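Work through these exercises with the coordinates open. Each task is followed by a stepwise solution.

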Amino acid sequence: MSNQKADPNKQQWEDSEFPIVCETCLGDNPYVRMTKDSFGKECKICSRPFTVFRWLPGTNMRYKKTEICQTCAKLKNVCQTCVLDLQYGLPVQVRDEALNIKSEAPNSDINRQYYAQNIAGKDTDISHYDASKAAPENRDVLRRLARNEPYYKRNRPHICSFFVKGECNRGAECPFRHELPGGDAELAQQNIKDRYYGNNDPVANKMLSRVRTSGSSLAPPQDKTISSLFITGVEDEITETDIREVFCTYGQVKSVVVVHRSKCAFVNYATRSAAELAAQNIADRGLNIKNRALRVAWGKPRPQGPRSDTRKQGKLLLSFNEGIYRMI
Ligand SMILES: [Zn+2]
Ligand SMILES: [Zn+2]
Ligand SMILES: [Zn+2]
């Protein structure tokens with residue numbers, strides 16, 4: 001082991017015959033030609049030199065190349081180019097949260113290269129990425145989010161930054177796309193290491209918050225006296241002011257109570273209609289504050305007395321409800 005670290009030589013570098021890439025990145029031409037550059041670049045995750053493949057994934061598309069080495073790709077079961085999961089086409093963070101997987105690979109720069117060297121050439125066990133072993137509700141999340149067909153549009157040239165500023169004079173010769181930025185803007189801001197390790201990936205957060213807030217949980221409750229929303233996933237950096245700022249756009253907020261210890265918050269609206277408007281908007285768009293995907297549910301009915309049925313709703317929620325209603 002020690003000589004591996006002391007004598008970095010080509011034996012620990014990675015050479016390969018064909019890349020591990022997803023169908024989308026490969027493109028629609030089955031006879032795609034690739035150029036191969038052994039040890040052409042350093043892997044963007046472990047920084048070991050690896051074989052870089054480059055190809056054109058179809059006409060009017062942009063050249064693609066492998067960005068991370070095969071060892072790193074295999075460890076997370078992701079494409080060497082787009083770093084999305086090979087089976088579901090999903091960001092690592094989305095897949096791992098759905099499958100309840102905790103990151104095993106080291107995050108620190110010092111350990112990363114060493115880890116990849118030791119794991120290289122060994123068979124990597126990726127069976128934990130198999131959805132058939134997941135809990136049914138998690139399988140459902142994957143099924144709803146997964147891309148079942150290649151999405152070749154992703155291979156189009158990037159948007160021309162000069163065109164956006166109204167300054168491109170290359171016209172039809174311009175290799176970049178003459179379009180105003182739309183949904184791709186967030187992708188451009190992603191950091192490859194964050195995406196690989198599934199940390200704070202803005203696209204993943206958006207997808208997850210959409211899943212968490214969609215469905216029946218945000219249908220208005222029968223009890224018309226309920227005009228409060230319950231928010232979970234409230235990390236320490238999210239303040240009462242942050243929450244108030246988002247929720248006051250839908251109507252008058254009577255009070256906001258944040259309980260960081262339990263990572264949750266309550267938003268009480270002055271009117272039921274404001275709460276319904278907020279719930280509707282969040283169900284459609286999800287709730288993201290400071291790059292965190294938050295979950296939202298309706299508040300529970302006010303407990304009628306100590307022997308009330310609401311006791312069945314779980315101690316935690318009930319105690320918050322009681323606390324909040326006392327405060328009002
Ligand atoms: Zn690597
Ligand atoms: Zn890919
Ligand atoms: Zn241009």
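**Exercise 1.** Does Phe163 count as buried, partly exposed or exposed, and what is the reason?

*Solution.* Note that the model is predicted.
- Step 1: locate the residue. Phe163 sits in helix H7, residues 161-164.
- Step 2: take its relative accessibility, 31%.
- Step 3: apply the cut-offs. Buried means under 20%, and exposed means over 50%. Phe163 therefore counts as partly exposed, at 31%.
- Step 4: look at its surroundings. Phe163, Val164 and Leu180 make a nonpolar surface patch of about 260 Å².

**Exercise 2.** Work out the strand order of the open sheet of 5 strands, and find what packs on the sheet.

*Solution.* 
- Step 1: read off the order. The sheet runs S5-S6-S4-S8-S7, with antiparallel pairing.
- Step 2: find the edges. Strand S5 (253-259) and strand S7 (287-289) each pair on one side only.
- Step 3: get the twist. From one strand to the next, the twist averages 25°.
- Step 4: check one pairing. Strand S4 (residues 228-232) and strand S6 (residues 264-269) run antiparallel and are joined by 5 bridges. Ser228 has Asn268 in S6 as its bridge partner.

**Exercise 3.** Which parts of the chain does the salt bridge between Lys290 and Asp242 tie together, and why?

*Solution.* 
- Step 1: check the distance. The closest N and O atoms of Lys290 and Asp242 are 2.8 Å apart.
- Step 2: Lys290 lies in the loop between S7 and strand S8 (292-298), and Asp242 lies in helix H11, so the pair ties together parts 48 residues apart in sequence.
- Step 3: classify the ends. Lys290 is partly exposed at 45% relative accessibility. Asp242 is buried, at 15%.

**Exercise 4.** How many salt bridges does a search of the whole structure find?

*Solution.* The search finds 12. Among them is Glu179 with Arg156, whose closest N and O atoms are 3.8 Å apart.

Note on methods
Residues numbered from 1 in each chain as written. Chains lettered and ligands numbered in written order. Predicted model: local features only at pLDDT ≥ 70, side-chain atom pairs only at ≥ 80, totals over all residues. Heavy atoms only, no water. Pairing = 2+ DSSP bridges. Helix = DSSP H or I, 4+ residues; strand = E, 2+ residues; numbered from the N terminus. Axes fitted to C-alpha atoms, helices over the stretch in contact; angles between N-to-C directions. Contact = heavy atoms within 4.5 Å. Patch = residues over 30% accessible without salt bridge, like charges linked within 9 Å, V, L, I, M, F, W, Y side chains within 5 Å. Areas by Shrake-Rupley, 256 points an atom, 1.4 Å probe, with all protein chains shown as cover. Salt bridge = Lys/Arg side-chain N within 4 Å of Asp/Glu carboxyl O. Buried < 20%, exposed > 50% of the residue type's maximum accessible area, 1.4 Å probe, protein only.
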